[in-house]
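The sequence and structure come first.

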Amino acid sequence: MYFSAKITETVSWIGINDRKSDSFENYIPLPKGVSYNSYFINDEKTCIIDAVEFGSEGNYFKKIRQNLNGRPLDYVVINHMEPDHGGALSDLITIYPEVTIIGNKKTLTMIKAFNHNFDESRFQEVVEGEILDLGYHKLTFAFMAMVHWPESMATYDITEKILFSNDAFGSFKSLDGGLFDDEVDIASFENEMRRYYSNIVGKYGVQVVNVIKKISTLDIQFICPSHGILWRTDIKKVINFFNNWGQFIPDEPGVVIVYGSMYGNTAKMAEALGTDLATYGVKNIKIFDASKTDSSFIISDIWKYQGLFIGSCSHNNALYPKIEPIIFKLQNYGLKNRYLGIFGNKLWSGGGVRGIQNFADASKGIEVIGTPVEAIGDPTFENYKELEELARLMAEKILNKKIEKLES
Ligand code: FEO
């Protein structure tokens, strides 16, 4: 018996847990794995919703064979062709040559990009709102372009009120037994859900919020995304998470301090800021050495907290090489609704602090706190006093109250 979990009498999860891959999209670490969720609908017509990553298949095809129990596979709905879902499509077509692939106009372009010999006669295009009748189950489709690819769409089972949301409402972290929100400790998924959102979908917050508006009229009993846990009990929770993250609304008060330091001087400034923030009453403070922590974890915490200090030493008249990609991603993703403090270090013409300031100037919705502090080599007593003032100003914003300067 291969493990396929029942969602309803006629709908099963037939996904794969990938605990082996080191990274997602070949750059984001997967210390807790990831699942590729695929679903089987057993009806007069048999149907699979989304496939799995090529090479991760494990028992995937055996599960399909077991669920089919000798019947033909009639449909595969491709909500999104990124290879973590569409990767196994060519094998599915080879094994089940009579299958019809369901997607939208843009899906076909993507399928052909990844499978140059794809037989278009196997493809059935659907338009938004069209109904695919499987017998008992009636499926319809909601396009969600740029969440996070142009062809992305969700499939809604009108009969059993299941939203197959693909990447929307997804998460890193493999499924360790329990599939549903009421079978797992949700808190253990929150950080990996945010890390997934902020790094994969985070650039498309406007589109995410629009999708949430679009589905708000549907009666949804289950949300079945293509990664991570399935939702049936506290559906509002996952919708609220994504709705807030899509609008750059932080989860809780707190401050991220991220720095790049070659010789330890910018690191000293980060440590001082952390101590000063705590002295002024800020409780959630996360300090990251950008050379030690993968940026995906730092980006995730930047989504979590409203306060952000970025510090960089100068490297060849520019940002430190470990800070630059973080700033690039924040700018590319359009980070908003954050308070930013700037600090760093130079020995001659600088470049670190200037690079952060350029990012701040180019970013709408980021409020710079106080005056950037730029030390020359080992920070001076005066630099530490300037940092203390930056911390006080940040604490005022985060705690939303007036805070007096400490006596020297
Ligand atoms: Fe899970 Fe965009 O693929």
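Two strands count as paired if DSSP finds at least two bridges between them. Strands (E, at least two residues) and helices (H or I, at least four residues) are DSSP runs, numbered from the N terminus. The model is predicted: local features need pLDDT of at least 70 and side-chain atom pairs count only at pLDDT 80 or more, while totals for chains, interfaces and linings use all residues. Residues are numbered from 1 along each chain as its sequence is written, and side-chain values use heavy atoms, with hydrogens and water left out.

**Sheet**

Strand β14 (residues 153–157) and strand β15 (residues 162–166) run antiparallel and are joined by 3 bridges. Asp157 stands opposite Ile162 in β15. Both strands belong to an open sheet of 5 strands with mixed pairing, in the order β12-β13-β14-β15-β16. From one strand to the next, the twist averages 25 degrees.

**Helix pair**

Helix α5 (residues 187–201) packs against helix α9 (residues 295–304) at an angle of about 100 degrees, and the axes are 8 Å apart. Axes are lines fitted to C-alpha atoms, for helices over the stretch in contact, and angles run from 0 to 180 degrees between N-to-C directions. α5 and α9 are therefore roughly perpendicular, a term for angles of 65 to 115 degrees. In contact (heavy atoms within 4.5 Å) are, among others, Arg194 and Tyr197 of α5 and Phe297 and Trp303 of α9. The residues of this contact comprise 4 nonpolar, 5 polar and 5 charged.

**Pockets**

A pocket is an open set of points on a 1 Å grid over the protein atoms alone, where a 1.4 Å probe fits, with protein on both sides within 12 Å along at least five of seven lines; lining residues have an atom within 4 Å of a point. A volume is the space filled by probe spheres set on the points.

| Pocket | Volume | Lining by class |
|---|---|---|
| Largest | about 280 Å³ | 5 nonpolar, 12 polar, 1 charged |

The largest pocket has 18 lining residues, and Met262, Tyr263, Ser314, Leu347 and Trp348 lie nearest its centre. α8 (265–279), β19 (305–315) and β21 (338–346) each give two or more residues to this lining, and β19 gives the most, with 3.

The second largest pocket is lined by residues including Asp18, Tyr36 and Glu53. β4 (23–24) and α2 (83–86) each supply at least two of its lining residues.

Note on methods: Nonpolar A, V, L, I, M, F, W, Y, C, P; charged D, E, K, R; others polar. Parallel < 35°, antiparallel > 145°, perpendicular 65-115°, else oblique.
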